[in-house]
Amino acid sequence: MNEPLTSRHWLAEAAPKAAPALATSTVLILARIWNANGAEHSVGNAVLMTALSLGAAVAGALASVGRAGDGVIAGTAFASSGALALAGVAGYADGWSLPLLLWALATTVSYALAARHWRTDRRESLAHERQFAARREEHAHVERVEALRAGAQIEVAREGAAYAEALAVALTARASLPGFDPIQLTRAGLPELPAIDLTKEER
């Protein structure tokens, strides 16, 4: 059983690993651009970002404790809340120390949460590969057994045909010998040979 070989580009493999750092870095850069354009020490902007962050956190909490318990919506809401909080602090603060500290903290938390999903995906992928390999071995075993059985049946049929041909040759040679009496074979317990009409054969 031949399987197509597929290889992923190194960018496709590295993109998921770099996604948390890219996301937090993008938020930090945009927040500092916002800071340079007038957000620094702006109380209204700080209140707005705080309200948005709290709203996203409340939405995540409601999604996680609701009857459906949708983890995707809750994770998205909490991630949005953290991003808004980081953007608010980075946009309001006048220096780089606090924004960089929050960026490092947010990046660490993002990788910690992503590592859990990566481990789960890896376990599921390994389980699927093991199940597929076991199913493939089972099919290969069934194919080998059927091939052996078919070969044995062909060999038995070939040996039977060879034996019948040899028996026919022996009987023909024995019948051509002088003094051959088929009645004696019948008395000895052998099956009666069919009568040969020589007149038809001579015709």
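Leu100 sits in helix H4, where helices (H or I, at least four residues) and strands (E, at least two) are DSSP runs numbered from the N terminus. This is a predicted model, so to speak: local features need pLDDT of at least 70, side-chain atom pairs count only at pLDDT 80 or more, and totals for chains, interfaces and linings use all residues. Residues are numbered from 1 along each chain as its sequence is written, and side-chain values use heavy atoms, with hydrogens and water left out.

**Overall fold**
- The protein has six helices and zero strands, and reading along the sequence gives α-α-α-α-α-α.
- Of its 203 residues, 12% count as buried; buried here means under 20% relative accessible area, exposed means over 50%, and partly exposed is in between (1.4 Å probe, protein chains only).

- Leu100 has a relative accessible area of 41%, so it goes down as partly exposed.
- Leu100 and Leu28 are 72 residues apart along the chain, yet their C-alpha atoms are separated by 8.1 Å.

- Leu30 belongs to helix H1 (residues 10–39), and Leu30 counts as exposed because its relative accessibility is 54%.

**The largest pocket**
- About 760 Å³ of space lies in the largest pocket; the volume is the space filled by probe spheres set on grid points, which are joined across faces, edges and corners.
- A pocket is an open set of points on a 1 Å grid over the protein atoms alone, where a 1.4 Å probe fits, with protein on both sides within 12 Å along at least five of seven lines; lining residues have an atom within 4 Å of a point.
- The lining counts 23 residues, and Gly75, Phe78, Ala79, Ser110 and Leu113 lie nearest the centre of the pocket.
- H1, helix H3 (71–92) and helix H4 (97–175) each give at least two residues to that lining.
- The lining splits into 14 nonpolar, eight polar and one charged, with Ala, Val, Leu, Ile, Met, Phe, Trp, Tyr, Cys and Pro taken as nonpolar, Asp, Glu, Lys and Arg as charged, and the others, Gly among them, as polar.

**Salt bridges**
- The count comes to two salt bridges, each being a side-chain nitrogen of Lys or Arg within 4 Å of a carboxyl oxygen of Asp or Glu.
- Arg149 pairs with Glu146, with the closest N and O atoms 2.9 Å apart.
- Arg149 and Glu146 are three residues apart in helix H4, so about one helical turn separates them.
- Arg149 is partly exposed because its relative accessibility is 43%, and Glu146 is partly exposed at 40%.
- Arg158 and Glu155 meet in a salt bridge at 2.8 Å, N to O, and both lie in helix H4, three residues apart, about one turn of the helix.
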